[in-house]
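Subject: Structure handover

Hello,

Here is the structure you asked for. Please open it and keep it beside this email while you read.

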Amino acid sequence: MSVLGGAVSGVPPAVPAEVDERASLELAVERSTTFDDLFRRRYEPMVRVAFLLVGTRAEAEDVVQDAFARIELRWARLDNPEGYLRRCVVNRCHDVLRRRRLEQRFLLLRRDDTSELQADELGDALAVLSPKRRAAVVLRYYDGLREREIAEILGVRQGTVKSMLHRALAQLREVIER
Amino acid sequence: MNPLVLDDHLHRLADDVAAPPSSGARQAIGRRARVLRRRRQVRNAVGGGLVVVAAVATGLALRGGPAADVEMDPAGPGTTDTGALPAVTLDPDEWTVIGAGEYPEATEESASYELWAEGSFQVFRADDEPAGPTAAVSHKVAFDPVVAEPLDREVDVDGDTGFLRQTADESFTLRWNPDHGDTQAQLTSWGLTQDQVVEFAGGLQPREDGISAPATDATQLGFVATQLPVPLDEVLVVTPVGQPQPGVRQVMLRSGKRTAEVMIDRGGEEAYELKRAALLATAGDVRVTRVLDRLALLIEQPDGQWSLIWRHTPSTMITVTLAGVERADIDDIAGRVRELTTDQWSDLVGDHS
């Protein structure tokens, strides 16, 4: 099945203005949760995000468990545990991809052949994106984050996220149409 | 690509992944957190700059001998340790600093090495051969059986099924469940053949048989090596402790098309061995050299980069990653590493952060 839609804009959908208010509310709610609440609520969704980033379920769970362990240790000092969780997961996924890339260069593999996502043409296309672009796409279009939030997680400016998403979409389209 | 279609498709790819927040997952997180907490407590237990030997002691001597038989400190750190992070850069006549800074915590990359050693971590290396054959073995309690990953080959590890992968010309990774217990072992090697790796792993006798998850304080992880395809000694792992100081200092430099990243990390023998094992897992050529009167390893990476790594003091290590350089130039570059005073470092950060 083709994942190409009708109009190809390459521009992320606009984010409504009331999101900042919603973000403040979410943060206030989050401060009153416990670690186990966060674990029950966010464990599976974060494994799915990590799965889209690293492409294997086992490594995705490993990354997310690692992130939760670090959060448990810092729990009392975290203002925004969920934001920290996302940042840890994305950073650890980058470590996994970096290690895998080094191994694959040795094995002269052209692209990420370890991914369980390959059965799908979008999975194939995601695998050729750089780790940061891949993270930007997954956080925006799967996790539904705003560009500002993605910028914080990836440690880049908001304008950079916009341009990363634009280029990633163009690259995905190119790979899928090839 | 239409973003709405992309959104829908990503959900179809990922929403089938079932990973409920089970008690098994919660326990695994708790175990990892305990390991991290223990490491932090050890680091903070003694005042600035002191070094204690936290021996990975039981079963230290492969040949049943005392600790004195064990290889100490193969890369020769300096003897002074003030507790503060050192600062180094490359000769300013040739290299231009393009960024410098310091950060309160270890990098995620360093942290991932730390987790690699969740459970026990042992290193076996040929005596007096810092660049010689090496096997790094981690052993942890885990409910899950080891499963094959893409590119793995199935091998027999003394009756247990192991999964072996070649990660570089002379590097292998082998994972298995020793003695059918609730544990997982991972061996990464450099300079050993595939047969030697499997033989060595087959001779690793767990210090405790039939370990059940979850682990207790009395659980004894780790191995005693009984089969040595080449002469290997267990390296005594020395863990430095001290007051928390800035965790990482980093300098980025450029010289024409050549770039260098200097990473100064807090971390003693264990952190050094973990990082070194990670670099060796994808290594090409490996040589011994000297930097600032200390022994250093020069490790070729498959992406054309070179890593120069050494223990600068008992509680700090330095890695210089070089890109765009010729092999023939590296000894010269190693000779251009310069140590900075505290004031010089402050000025450098002030100018480039």
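First, a definition: an axis is a line fitted to C-alpha atoms, for helices over the stretch in contact, and angles run from 0 to 180 degrees between N-to-C directions. One caution: this is a predicted model.

Start with helix 2 (residues 35–54) and helix 6 (residues 131–141) of chain A. Their axes come within 9 Å and cross at roughly 145°. The crossing is right-handed. Helix 2 of chain A brings A:Val49, A:Leu52, A:Leu53 and A:Val54 to the contact, and helix 6 of chain A brings A:Arg134, A:Ala135, A:Val138 and A:Leu139. Seven of these residues are nonpolar, none is polar and one is charged.

Now turn to helix 3 (residues 57–74) of chain A. It packs on helix 2 of chain A at about 140°, with the axes 8 Å apart. Angles over 145 degrees count as roughly antiparallel and 65 to 115 as roughly perpendicular. The two helices are therefore oblique to each other. Their crossing is right-handed. Helix 2 of chain A contributes residues including A:Phe35, A:Arg42 and A:Met46, while those from helix 3 of chain A include A:Arg57, A:Val64 and A:Phe68. The contact divides into 13 nonpolar residues, one polar and five charged.

Last, look at A:Arg86 in helix 4 (residues 81–107) of chain A. Is A:Arg86 buried or exposed? Its relative accessibility is 10%, so A:Arg86 counts as buried; the cut-off is under 20%. Leaving out residues up to four places away in sequence, A:Arg86 touches A:Arg42, A:Met46, A:Leu139, A:Asp143, A:Leu145 and A:Ile153.

Best wishes

Technical notes
Residues numbered from 1 in each chain as written. Chains lettered and ligands numbered in written order. Predicted model: local features only at pLDDT ≥ 70, side-chain atom pairs only at ≥ 80, totals over all residues. Heavy atoms only, no water. Helix = DSSP H or I, 4+ residues; strand = E, 2+ residues; numbered from the N terminus. Buried < 20%, exposed > 50% of the residue type's maximum accessible area, 1.4 Å probe, protein only. Contact = heavy atoms within 4.5 Å. Left-handed = near helix turned anticlockwise from the far one by under 90°. Nonpolar A, V, L, I, M, F, W, Y, C, P; charged D, E, K, R; others polar. Parallel < 35°, antiparallel > 145°, perpendicular 65-115°, else oblique.
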